[in-house]
Each structure stands twice: as structure tokens, then as C-alpha cells.
Amino acid sequence: MAGGGAGERPGAVGDGAAAASGAVDDDLGEARAAGGDPGARRGPVVRSPYSDGEWHRLHPLTPLLRGGLSLLVIGGLIVANLRERLLELFFPVFTDLPPGELPPDPVDFLLANNLILIAAGVALAVLIVLLALFRLSWRFHTLRIGADDVEVRSGVLFRTHRRAPLDRVQGVNLTRPMLARLLGLAKLEVVGAGLDANVKLEYLSGKDAEAIRGDILRLASGRRLAEAGADPRDRRPLVTVAADTVADGLQGIVDGEDFSDAEPESIVRIPLGRLVASRVLSGSTLVLIAFVVGIVVAASVSTLWLLFTVVPMFLAFGAYYVRSVARGLRYSIAPTSDGVRVTFGLFTTVTEVVPPGRVHAIEVRQPLLWRPFGWWSVTVNRLSGRASTDSGTDQLAAVLPIGTRADVERVLRILAPGLPGDEWTLVFRDGILGPVEDDPYLTTPRRARWLRPLSWRRNGVLLTADALLLRRGWIWRSLTLLPLARLQSVGVHQGPLARAVRTATLTGHVIAGTVQTTLGAIDRDDALRLFDATARGAVAAAAGDRTHRWAG
């Protein structure tokens, strides 16, 4: 989604009223998009000065944060070369070390050769050049939020122009890295419908970032609702628009401050002890135990190689546990008018908003070690705008890292609000906790049970009027929910072994992700019937689906 230079869009507001204020122009554009009728519903209200359709610069500290890694490297080199001076300054006890313990100090060399002024001049010149480059980079890094898209231009020598159409926005993520949080800054990532289609707005003040995120979501939702009644030939007089703007302002004073963007209360609370225990009782711990057993056995033969394997291995596992626990801290999930808001992360806090109709698949999982405690996790497939190799994709997929059955029920109800009440029994009792005596799922036939010796009873599929449910696993139990309105296609295939026992594999095709959308070892005739019924149901569900439209 990279493009060339930006020009004026045809049909943009302002051709007959260029001298009007930005707020009036915005209201005029919203009135035109709503059909031009003074009594019609107004377009989405913007709350940030960045959302006026003009180009704006980001926060002045943006170059410092974006180039912070290079500054840390330079600082590390300085500390490494001046460590003797620093030790003498902060730890005088180490100044009595015998000669030769530390390399010669560069400061002594500069003083001895009368080069201190030259070195100071070079350091000052480098600092001035860096500040000038930072300033130039900041001046050329601008953003614009218009009625149709979000645009970012950056680069001095090599210019980049990225655009995210509002009618293709899949969500808006807000990230607060540790250093940025200390400075009161945050960055936004507008998730587009495509690979590497995201547009990043980094960095903004925390207040502006929250307001801009709400504006983008409101503008994206308002476009869909307004398209049906839009008439580009309809125009309202500028005086009428100005009068409506004043009236809205007076009404806002009467109504008071709007707190619709306030952080909602989470519907799930994860205790720290449960989070730590869930990471200890994971598959990674089993791998660690296997490594330890192997090392103990091998230690009786040789110990030299342990220095090169044990320490790095334990450091890697320790970093994994710390990172996974820190990622689950500060977790919250709550429904909002713009979608489901998920927040997680201790050091780097990420807040993402998943608008309605953007969840393509949901999976509830339970490892064997979690079963005695009744813990589950929930992951989703949705467009993230990132490459599949991006490490951040997996963490955005987990909407509930650990939770009880009650937590899972609350999360599923906000992720799939359109599912009728009579189908939740098929999800919770028969799918997540099943099978039961009167199991409605189609399971592995008797002749093919040897293909699923442990899970043949749980290995089942069920088609409802709104979703395709895939249940599997005995050691790692899971249930996949595929909304028919989001289903791209359905497939049935057989291998030579499946043909011999007359079974088949059913696959629901959605966007790529961590959710498993394939179920094997089901009766061939049942699979063919499900194939036809699912195809018809997906077409009907997509034709009547309105979950991707929400109030702006």
C-alpha cells in the first residue's frame, strides 16, 4: 500500500468554500456523505484536531524514539571506552587495581596529545548533525486523516506515502513501549485488509492517540452506514452547515463531556498466580524437563559440552517465561461501541480494538495439564495486516491467554454476538465440555476409530444455521467456531488411507492464522453432505450478514 505523492482528491470538501474553517468543512463533508438532508443522521463526529483532513506533523520526540536503538549503541560504545573513568567516578574502590587490568583510557590519550578541543569539536559536530537529521526527519513525517483514508508520508531522500482506506480498516492497535510510556507517548497501527498493509502513526501523545483511534473507527463505520443513501449531487448551503455546527456545539455544552472513549471495565480478571501457573504447566515446561533429563544422563559421560548448552538453554527458557508472563499482565477485554477492546503487556502495553465482523475464526483450547483446573485459552483468526512470519501476529491472536469456563463464555459472547441463544448449548456443553450422552456432533465412524484411538469420541463436526463447529483432541482439547458469514470456501479431500476406510477431511477456508480449521477421520458421506450444506449456508449467511457495519 505504498504510493506516490499525495494530491487533492476529486470531490474533496472546500472547492466552493476554501476560506471556511476546518470544522465547517468536515461537517459539510459529513452532511454530503449522509445524503444532504438536514434531518438525516449526521456523519461520525471527530474529536481530534488531527482529523480535519489536513496534513499534520507527529510528536517532536518521534525521531528520538524511532532512532533510540542507534543512540543506545553509541552510548554503549562511549561507556565501553570510558569505563575506567566511570569506575573511578562512581566506584573509587576499584581505582587501586594494578596496572594492566584495564585498557588505556582514551581521555588520557587525548589530554596527553592536546587533542581534547578537537575531540570536543568533533563530538559537537556529530551532535549537531544528529539533531539536524532528527529535525529534518520530523518535518517530513506527516499524517492526514480524511473522509476516505488515513495517510502517512515520511522520508527525506527516499519518500514513502502509505494510505489505508477507511472502508478496509480491520482495526486500530495502540502500543505504548516502555520508553514511550515514560514520555507520555504512544503509537497507533491502522490494520489494513492485506499483507503488509498496516499504516503506523508513531509517535503521538497518549491523549491524541486515544482520540485519533476513536475518530478512525467512527469514520470507518460511518462510511458504511452512509454509502446506501449518499448522493454526490446533493449540496447544502454553507450557512446551514455553519448553523448546524453552532447548534451541535451548544447541545454539547448542555449534554456535558462525552466519555464514550473511556477505558471500559474488563469482563475478565486474570490473577497473577493463575497466569504464572499456566505458563509453568505448558508444553514448553515438558520440553524443558526432557532437556534436563537428557543432560543428567549425558553428564555421566562428559561435562565440558554442558557449558555451551545448559546455560544458553536455561537463559532462553527463562526469557520465554518472563516474556510470556509479562505479556499476560495488565490484561483486559471488554466490549465497546467500536468493537472488542483487548489490552495486554506489562513493559510494552498494546491495546487493540477488533471491530464487529472482523473475527473470522475462534478456537478454544485446553492442554492436558490445565484440565484439572478447568482452564482454557481463546485465540482468533483475523486480518492483522502483518506477514505470517511476524512474531507479533501470534500475540495478537490470543484474546484470552488463560481463563475459566465462565471467562470463556463471556469472551465468546462478545466475539460472536450474532450467535442465537439456542446454539450456545451446542458450543459450551456439547462442544467445549463434550461429548455428552445425546451428542449432536458427527464423530469418527466405528471402522475408522483406530485412526483416532484416543479422541474418536471428541473428533466431531456440527453445522448450525450460523456457524461450523469443529471439535477435536483428547490430550489437547479444542473447539473451533467458524462463522458462516466469514467463511471463504469449504473443501473435502481424501488420502489413500482415508479412501480405504471411506473417511474424509473437511476444511473451512478462512484467513490464515493459528486457529485449526481442518477436521479429519469423519465419514465420507457425512463429509459430502456437510460440504453441500455448508456451501449453501455460507452464501445465505454472507447475503444477510450486517455484523461488519456498526454505529459510528
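These legends walk through a few views of one predicted model.

**View 1. The whole chain, to get your bearings.**
You can pick out 17 helices and 21 strands along the way. Looking at contacts with a separation of 6 or more, 59% come from residues 24 or more positions apart.

**View 2. An open sheet built from six strands.**
Follow the strands across and you'll read the order E8-E7-E6-E11-E10-E9, with antiparallel pairing. At the edges sit strand E8 (199–205) and strand E9 (332–336), each of which pairs on one side only. Going from one strand to the next, the twist averages 15°.

**View 3. Zooming in on E6 and E7.**
This pair belongs to the sheet, where E7 and E6 come one after the other in the order. Strand E6 covers residues 171–176 and strand E7 covers residues 185–191. Five bridges join the two in the antiparallel sense. For one spot to look for, find Gly-171, which stands opposite Val-191 in E7.

**View 4. A helix resting on the sheet.**
Now bring in helix H14 (residues 405–415), which packs on the sheet. H14 touches E9 and also strand E10 (339–344). Compare directions and you'll find that H14 makes about 35° with E9.

Arg-472 lies in strand E17, which takes in residues 467–472. Is Arg-472 buried or exposed? Its relative accessibility is 9%, so Arg-472 counts as buried, the cut-off being under 20%. Setting aside neighbours within four places in sequence, Arg-472 has contacts that include Glu-363, Arg-458, Asn-459 and Gln-516. Ile-432 gives another reference point: Ile-432 and Arg-472 are 40 residues apart in sequence, and their C-alpha atoms are 9.6 Å apart in space.

**View 5. Polar partners of the Arg-472 side chain.**
Stay with Arg-472 and look at what its side chain meets. One partner is the side chain of Thr-480, with a polar contact at 3.2 Å. Thr-518 comes in through its backbone instead: its backbone oxygen lies 2.8 Å from a polar atom of the Arg-472 side chain. Thr-480 and Thr-518 are both among the residues in contact with Arg-472, as are Thr-517 and Leu-519.

Notes:
Residues are numbered from 1 along each chain as its sequence is written. This is a predicted model: local features need pLDDT of at least 70, side-chain atom pairs count only at pLDDT 80 or more; totals for chains, interfaces and linings use all residues. Side-chain values use heavy atoms; hydrogens and water are left out. Two strands pair if DSSP finds at least two bridges between them. Helices (H or I, at least four residues) and strands (E, at least two) are DSSP runs, numbered from the N terminus. Axes are lines fitted to C-alpha atoms, for helices over the stretch in contact, and angles run from 0 to 180 degrees between N-to-C directions. Contact means heavy atoms within 4.5 Å. Buried means under 20% relative accessible area, exposed over 50%, partly exposed in between (1.4 Å probe, protein chains only). A polar contact is a pair of N or O atoms within 3.5 Å; within protein, one must be able to donate a hydrogen and the other to accept it, and residues adjacent in sequence count only if both atoms are side-chain atoms.
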